[in-house]
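Let's take a walk through this fold, starting with its aromatic rings and moving on to its core, strands and helices. Have the model open alongside.

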Amino acid sequence: MLTLLEDKISTPLGPLWVLCDEALHLRAVEWEEHSDRMEQLLNIHYRKEGYQRVAAHNPGGLSQKLQDYFDGDLAVIDTLPTATGGTPFQREVWQALRSIACGQVMHYGQLAQRLGRAGAARAVGAANGANPVSIVVPCHRVIGHNGTLTGYAGGVHRKEWLLRHEGYFLL
């Protein structure tokens, strides 16, 4: 059975759940108001093998590192280890998301091309939407082809705030 250590931190955008495994790899990062989505993803990925959630304060320093990100240390998220469930394609998309530099954005079609799957923008978008480790796997850095802020499970207002925080200023 998988043990998930969980903490909740305060952020400028509201309370944020931080869940990691005992090896201190992030398994989920989700806004408190979307706890139901997080639980659905945890069940999809880990119900078969079984998991338990255990309260922990700042497991492995991960909560503090996420707080540091919100306090302005933007590079810290690149150092945070993740381990996710998901299909091989989803994990491929999530890995590619981590290659989008802070302060930069790309649209779904560009991300599909980067993966060698031109024409798979919708599949990339679906995988992006199933990302269980928001912020660290920066799905907020993917925007619509015409520059619109589309498709962020945490809400477009959070996506805009995160992009501004990272130095991508919207026109």
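Trp31, Tyr69, Phe70 and Trp161 are linked into a cluster by ring pairs. Rings of Phe, Tyr and Trp (its six-membered ring) pair if their centres lie within 6.5 Å; planes under 30 degrees apart count as stacked, over 60 as edge-to-face and the rest as tilted. Before going further, a word on the source: this is a predicted model, where local features need pLDDT of at least 70, side-chain atom pairs count only at pLDDT 80 or more, and totals for chains, interfaces and linings use all residues. Residues are numbered from 1 along each chain as its sequence is written, and side-chain values use heavy atoms, with hydrogens and water left out.

**Rings**

Searching the whole structure turns up four aromatic pairs. Tyr46 and Tyr51 make an edge-to-face pair, because their planes sit at 75 degrees, with the centres 6.5 Å apart. Here "buried" means under 20% relative accessible area, "exposed" over 50%, and "partly exposed" in between (1.4 Å probe, protein chains only). Tyr46 is buried, while Tyr51 is partly exposed. Helices (H or I, at least four residues) and strands (E, at least two) are DSSP runs, numbered from the N terminus.

| Residue | Relative accessible area | Class |
|---|---|---|
| Tyr46 | 3% | buried |
| Tyr51 | 21% | partly exposed |
| Phe70 | 6% | buried |
| Trp161 | 27% | partly exposed |

Arg158 is over the face of Trp31, 4.5 Å from the ring centre, and Arg53 is over the face of Trp17, 5.5 Å from the ring centre.

**The core**

Which residues touch the most other members of the largest nonpolar core? They are Leu26, Val93, Leu97 and Ile135, in a core of 40 residues. A nonpolar core is a set of buried Ala, Val, Leu, Ile, Met, Phe, Trp, Tyr and Cys residues joined through side-chain atoms within 4.5 Å. Elements giving two or more residues to this core include strand 1 (2-9), strand 2 (16-21), strand 3 (26-31) and helix 2. Helix 3 (88-97) is on that list too, and gives the most, with five residues.

Ile135 is worth a click. This residue sits in the loop between helix 5 and strand 6 (142-143), yet is buried, with a relative accessible area of 0%. Setting aside neighbours within four places in sequence, the contacts (heavy atoms within 4.5 Å) of Ile135 include Trp31, Tyr69 and Phe70, along with Ile77 and Leu162. Ile77 is 58 residues away from Ile135 in sequence, but the C-alpha atoms are 7.7 Å apart.

**Strand 1 and its partners**

Seven of the eight residues in strand 1 are buried. Strands pair if DSSP finds at least two bridges between them. Strand 1 runs parallel to strand 4 (residues 51-55) over five bridges, with Thr3 partnered by Gln52. Strand 1 is also antiparallel to strand 2, through six bridges, and Leu5 stands opposite Cys20 there. These two strands form a hairpin with six residues between them, and Gly14 in the turn has a positive phi of about 110 degrees.

Buried residues of helix 2 are Leu62, Ser63, Leu66, Gln67, Tyr69 and Phe70. They lie on the same side of the helix, because they cover an arc of only 150 degrees around the axis; the arc is that of the directions from the helix axis to the C-beta atoms. Their cover includes strand 1, strand 2, strand 3 and helix 6.

In helix 6, Arg158, Lys159, Leu162 and Leu163 are buried. These residues fall within an arc of 130 degrees, so they line one face of the helix. Strand 3, helix 2, helix 4 and strand 6 are among what covers them. Gly167 follows helix 6, with a positive phi near 95 degrees.

Key. Lys NZ or Arg CZ within 6 Å of the ring centre and 35° of its normal.
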